[in-house]
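Biologist: Could you walk me through this model with me asking and you answering? I would like the cut-offs spelled out as we go.

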Amino acid sequence: MLKITDLTAQFEDQPILTGVNLSVAPGELHVILGPNGSGKSTLGKVLMRHPQYTKSGGKIEFNRQDIEELETWERARLGIFLAHQSPPAVVGVPAQDMLRAAEKAQAGDLKPQSILTFKKALEGNLEKLHLPKTFLKRAINEGASGGERRKMEIVSLLTLGAKLAFLDEIDSGIDVDALKSIVEGIQEFLKSGKTSIILVTHQEKILKLLDPTKIHIFTGGKIVASGGKEIAEEIHRNGFKKFLS
């Protein structure tokens, strides 16, 4: 589904990504661990063509298509989804209206589902994430806690029918109940075997609740090691020192 080859990128004149190689197949869950400032969040932003970051080399292919020339909205329409590390509030824009507009944009030339079908699906996704239906008419993330904001990111992911999700610290700063809801949402998204996730995290708890396909260590702007849960256990015992060299 996703193939990243020798990807390099910079912020202004500062190199951030220094040669990322990553392949993700349908149905896979890839976890990225790494110290702060190593470039993990930048990878997601470059994947979605954030305007503040410049891709300086390498190749990104999604479903065997080179997406070099595609704008952010075109990548989203293909099925790539980015969950923000710090989801913003959008005052005056109800969540239902934003997601309906996004769903229509995703459909492109195809006819979108009826408003009743859409609303029923959205309400079902809210229920799965243990959020009240009042969130439909509330402005996006306005007055919401950190856990509620992150749960709404997963609601958006399930509602918009993405194929590949880049979840940037979706488990950061949330309580046990919110974490359980988010894990259930991730499992729901992956259950078809046709979708994939790249999950950036610093938390050991979420790894105990999920079954990653691979865990990658990200330092110095690239992946320096990959493995199973044993590699995460090594990090949580001894930190990243072994990999920094």
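Predicted model: local features only at pLDDT ≥ 70, side-chain atom pairs only at ≥ 80, totals over all residues.

Biologist: How many helices and strands does the protein chain have?

Modeller: Happy to start there. Helices (H or I, at least four residues) and strands (E, at least two) are DSSP runs, numbered from the N terminus. On that basis the protein chain has nine helices and twelve strands.

Biologist: What is the radius of gyration of the protein chain, and what would a compact globule have?

Modeller: The radius is taken over C-alpha atoms, and the globule rule is 2.2 Å times the number of residues to the power 0.38. The C-alpha atoms fill a box of roughly 55 × 40 × 35 Å along the principal axes. For 245 residues the rule gives a value near 18 Å, and the protein chain agrees with it, at 18 Å.

Biologist: What percentage of the residues of the protein chain count as buried?

Modeller: Buried means under 20% relative accessible area, exposed over 50%, and partly exposed in between (1.4 Å probe, protein chains only). Of the 245 residues, the buried share is 46%.

Biologist: Which residues have the most contacts inside the largest nonpolar core?

Modeller: A nonpolar core is a set of buried Ala, Val, Leu, Ile, Met, Phe, Trp, Tyr and Cys residues joined through side-chain atoms within 4.5 Å. In soluble globular proteins, nonpolar side chains tend to be buried together. Here the largest core has 46 residues, and those with the most contacts inside it are Ile154, Leu167, Ile186, Ile197 and Leu199.

Biologist: Which helix gives the largest share of this core?

Modeller: Another core, of 26 residues, lies apart from this one and includes Leu22, Ile32, Val46 and Met48. For the 46-residue core, the largest share is seven residues, and they come from helix α6 (residues 176–190).

Biologist: How many of the residues of helix α1 are buried?

Modeller: Helix α1 covers residues 40–47 and is mostly covered. Lys40 and Thr42 are among its buried residues, as are Leu43 and Val46. The buried count for α1 is six of its eight residues.

Biologist: Where is Asn141, and what is its phi?

Modeller: Asn141 is in the loop between β8 (139–140) and α5 (146–160). It counts as buried because its relative accessibility is 9%. Its phi is positive in a residue other than glycine, near 65°.

Biologist: And what is the phi of Glu169?

Modeller: Glu169 sits in the loop between β9 (164–168) and α6. Its relative accessibility is 11%, so Glu169 counts as buried. Although Glu169 is not a glycine, its phi is positive, at about 50°.

Note on methods:
Residues numbered from 1 in each chain as written. Heavy atoms only, no water.
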